[in-house]
Amino acid sequence: MSTVVYIPNDSAAISIGADQVAALVAQEAVKRSLKVTIVRNGTRGALWLETLIEVSTPQGRIAYGPVQPEDVSSLFDADFLNGGAHPLALGLTDQIAWFAGQDRVTYRRVGIIDPLSLKDYEAHGGLVGLRKAVKQSGADIVAEVTASGLRGRGGAGFPAGIKWKTVLDAKADQKYVCCNADEGDSGTFADRILIEADPFTLIEGMAIAAVAVGATEGFVYLRSEYPTAIKRLCDAIDIAKSAGVIGSSVLGSAHAFNLEVRVGAGSYVCGEETAMLESLEGKRGVIRSKPPLPAIAGLFGKPTIINNVLTLASVPAILADGAGAYAARGTGRSLGTQVFQLAGNIARGGIIETAFGITLETLVKTFGGGTLSGKPLRAIQIGGPLGAYFNSSQLNVSMDYESLAAAGGMLGHGGVVLFDDNVDLAQQAKFAMEFCALESCGKCTPCRLGSTRGAETIEKIISGVDVPANKLLLLDLCEVMTDGSLCAMGGLTPLPVKSAMNNFPEDFTGGAKK
Amino acid sequence: MAKLWGSFRMSYPSWSIEEGTQVLSSLKNVQGPVLIALQAIQERFGYVHDEAVSLIAETFNVSRADVHGVLTYYHDLRTTPSPVRLIQICVAEACQAVGSRDLVAAVEKKLGKKIDQSYADVEIKSAYCFGNCALGPAAMVDGQLMGRASVEKITA
Ligand SMILES: Cc1cc2nc3c(=O)[nH]c(=O)nc-3n(C[C@H](O)[C@H](O)[C@H](O)COP(=O)(O)O)c2cc1C
Ligand code: SF4
Ligand code: FES
């Protein structure tokens, strides 16, 4: 009998050697005349354990990691194919505390299955939601999504069901479903991993959305920085089409749904939904004024659902298990689970999916293990480049939309970036302004010019020039940007800047810190 | 179907109108084709030659100014030939937290080149997140993603 060995083909795992490890495992097996079947699964999300090898045994999957290419022959010596003892042995994967403490709903199949095996996908609960959906009315599907409490995971947290209802009720000869896979926020990678590890879940979620509102065309706007995800999703779409999951008939029903991948071109602001529509139409990614809402007049002027990858990828589970099971998780108006991403200077970085309401402390300490450098944790940026910087005395905040807003921050796409005491928050604030200047679409003066002005002003503060006056000027600038910007690019850039000033005043006293 | 816009190659054919026309012919049925046309041209030739702007304008019946507007808007699109080697270093926050500023300085020093300037042989370019933020600093070297990047690994 051949032993099944799982070795991830996730791009992050590959970036630190997973392909070499896989090649060596295959080589060693041949050399030792052992029968091994290597399955290239997605990552299970514990990036700190990559390359994580799992061996299928009668007791379950047994993990070894982080495996370096030079560890491979010693793993064979230790009889890892039968779960043998080895310094890198981690026991049953599911019992590793880092995994056992999570509640994987959207990510239920991530890392478990072969990403491009539709058979594997179905064997692990795939297509249950879509099969239900094709037998239901659009209104019933939308009601289910609404009842689940699912909110947009792209940043704004708008209730998905309400958006879908608007598109459902719009009368038009053509409607679209667009998935926002631009994932531009630093410190976020949950969209990428889902697409690389379980692309059929996204396809299924989009098909459910299309069936619900009567859309026949879909686009995934995927950033060019993710070549592996682009390739995998294109392959998965081809497979889903030939299997009749999507295409001229969705699972044999009267619904048609065609899906295409469109690749971004390196613009952060094209992650904003109306800029994304402009880009999908082949134009400059300049923000559109709202109204009209994209749900009424979106892509090519037609009613369009726009949702983040994680929003759409949560829908199959919601339909399969029922809205109640999803809504039973979480807290207040933040229902269900959030796929958090631990990044930056972190000992145990990766994906943590849990119900909303976990504390920041549990995330960064219990799961994350603190900083990678071992030096004191000094700052945490939550929610990407437009998110706030917190200091290490603010770790008791509950990770949900409302609590983070009350604490002066925002959840964004769920990225949590740690910094040790090397960080200079004045430099980080300056970077926030520079990034805004670089990525501004140019439509509003406060965003386009204010950001450049802001970076210059922070530079003056850093160099110790007229510090009190320049701090006041900076706050004024922030106010103008907040009030005078059409979208959150200019409107929220003041958030990292002001939170850095408030939570780390000692870094804004003039004179370089180090 | 798998169209890999933007993936870097070490060498590209030189620009020709005939080949450019052929690239665009596959996009005749695309709604809103300008961006995708520019991406397809760059995918084939490594950059967008000035003549390609006119060619796209004629082929899809849009103004040259419109094509030019799109070309200059997007960071990915380039108007100078692709270098032989391309080193993209992530300079966004999560990678800053693990030393990407120092990494950039070290790579600049070792190669004697400035980041974000054009060279024919090796270019170092800033990038803003490859989704490898738990294993930073991240870099993309000749199209290959690298985690825990170091000056040694990048210039190996
Ligand atoms: C500057 C800017 C960048 C954004 N980038 C993204 C992104 O990369 N991915 C995303 O899903 N949403 C992004 N958004 C939010 C989108 O505008 C939009 O709210 C979201 O795609 C809607 O989907 P959701 O309701 O499922 O979250 C961005 C917004 C702004 C202002
Ligand atoms: S705030 Fe900035 S990015 Fe947003 S519309 Fe205005 S100029 Fe464009
Ligand atoms: S911030 Fe560098 S890879 Fe994401």
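This dialogue goes through a predicted model, one feature at a time.

Reader: What is Trp164(A) in contact with, leaving aside its neighbours within four places in sequence?

Author: The partners come from several stretches of chain A. Ile141(A), Val142(A) and Val145(A) are among them, as are Ala209(A), Ala212(A) and Val213(A). Further contacts of Trp164(A) are Ile305(A), Asn307(A), Leu312(A) and Val315(A).

Reader: How do I read a sheet, and in what order do the strands of the open four-stranded sheet in chain A stand?

Author: Strands of a sheet pair through backbone hydrogen bonds, in a parallel or an antiparallel sense. Here the order is S8-S7-S6-S9 in chain A, and the pairing is parallel. The average twist from one strand to the next is 20°.

Reader: Why is one side of S8 and of S9 in chain A left without a neighbour in the sheet?

Author: Strand S8 (258–263) and strand S9 (304–308) of chain A are at the edges and have a single partner strand each, so one side of each has no neighbour in the sheet. For S9(A), the pairing with strand S6 of chain A, residues 176–181, is parallel and consists of five bridges. Within S9(A), Ile306(A) stands opposite Cys178(A).

Reader: Take strand S16 of chain A: how many of its six residues are buried?

Author: In a regular strand the side chains alternate between the two faces of the sheet, and each face can be read separately. In S16(A), residues 415–420, six of the six residues are buried. One side carries Gly415(A), Val417(A) and Phe419(A), and the other carries Val416(A), Leu418(A) and Asp420(A). Both faces of S16(A) are therefore covered, where buried means under 20% relative accessible area.

Reader: Which strands join S16(A), and in which sense, parallel or antiparallel?

Author: Strand S12 of chain A, residues 337–344, runs parallel to S16(A) and is joined to it by four bridges. There Leu342(A) has Val416(A) as its bridge partner. Strand S14 of chain A, residues 377–382, pairs with S16(A) in the antiparallel sense over five bridges. In that pairing Ala379(A) is partnered by Phe419(A).

Reader: How do I read a ligand site, and what surrounds ligand 2?

Author: List the shell, then sort it by class. Ligand 2 is surrounded by 13 residues, the closest being Cys441(A), Lys443(A), Cys444(A), Cys447(A) and Cys487(A). The shell has eight nonpolar, four polar and one charged residues.

Reader: What does the secondary structure of chain B come to?

Author: Chain B has seven helices and four strands. From the N terminus they run α-α-α-α-β-α-α-β-β-β-α. Of its 156 residues, 54% are buried.

Conventions. Residues numbered from 1 in each chain as written. Chains lettered and ligands numbered in written order. Predicted model: local features only at pLDDT ≥ 70, side-chain atom pairs only at ≥ 80, totals over all residues. Heavy atoms only, no water. Contact = heavy atoms within 4.5 Å. Near = heavy atom within 4 Å. Nonpolar A, V, L, I, M, F, W, Y, C, P; charged D, E, K, R; others polar. Pairing = 2+ DSSP bridges. Helix = DSSP H or I, 4+ residues; strand = E, 2+ residues; numbered from the N terminus. Axes fitted to C-alpha atoms, helices over the stretch in contact; angles between N-to-C directions. Buried < 20%, exposed > 50% of the residue type's maximum accessible area, 1.4 Å probe, protein only.
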